[in-house]
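Reader: I have the sequence and the structure open together. Could you take me through a few points?
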Amino acid sequence: MTKQQAISVTTPMTQDLPKEKFDELETFIDQMETTKGALIEILHKAQNLFGYLPRDVQLFVARKLGIPGAEVYGVVSFYSYFTTKPRGKYTISCCMGTACFVRGADKIIERLKEILGIESNEITEDGLFTLIDVRCIGACGLAPIVKVDEKVYGRVKEEELEDIINTYRLLEGKK
Ligand code: FES
């Protein structure tokens, strides 16, 4: 019996987070050959399932792996990819790394805030968008960069941003 199977985990008592998702996460972990060094992979799975990593989910992972909650929190807070707050349907990431910054990322993010009516790490009222600022995403040649989920918009200009956002609003029938 592997270490993680030997640990009895009770599903947290929370009304907002569906039990089925905890079950699915538990199955995912139980099926791993080893959980050693797999914390990041497990957190990715958890964030895909829940959309974010609230305290209950972090504690669930910690109990399941038999590690301190602080260790899980340390990883969650280190990587900008992970979030402890619910996100909108689309995540708009504005790269604030050096190359993007030099090419006007500060103006890009200000314009995005204006169009969306939110600050970084907030969700728009309609639940469609979350805006985050991220560190270099490794495509500096295309600076400045904005990503909507995994779609990359390179050498993006302030005046293009509204059209980009409207594309997603249209897709959702919100325009
Ligand atoms: S600084 Fe933005 S992609 Fe590298």
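Reader: Which helix does L43 lie in?
Author: L43 lies in helix α3, residues 39–50. Helices here are DSSP runs of H or I with at least four residues, numbered from the N terminus. This is a predicted model: local features need pLDDT of at least 70, side-chain atom pairs count only at pLDDT 80 or more, and totals for chains, interfaces and linings use all residues. Residues are numbered from 1 along each chain as its sequence is written.

Reader: Is L43 buried or exposed?
Author: L43 counts as buried because it has 20 C-beta neighbours inside 10 Å. A residue is buried with 20 or more other C-beta atoms within 10 Å of its own, exposed with 12 or fewer, and partly exposed in between; C-beta atoms are placed from the backbone.

Reader: What is L43 in contact with, leaving aside neighbours within four places in sequence?
Author: L43 is in contact with L53, V61, V75, V76 and F82, where contact means that C-beta atoms, placed from the backbone, lie within 7 Å.

Reader: Turning to α2, which residues are buried there?
Author: In α2, F22, L25 and I29 are buried. They cover an arc of only 60° around the axis, so they sit on the same side of α2; the arc is that of the directions from the helix axis to the C-beta atoms.

Reader: And which exposed residues does the face turned away carry?
Author: That face of α2 carries E20, D23 and T27.

Terms used. Helices (H or I, at least four residues) and strands (E, at least two) are DSSP runs, numbered from the N terminus. Two residues are in contact if their C-beta atoms, placed from the backbone, lie within 7 Å.
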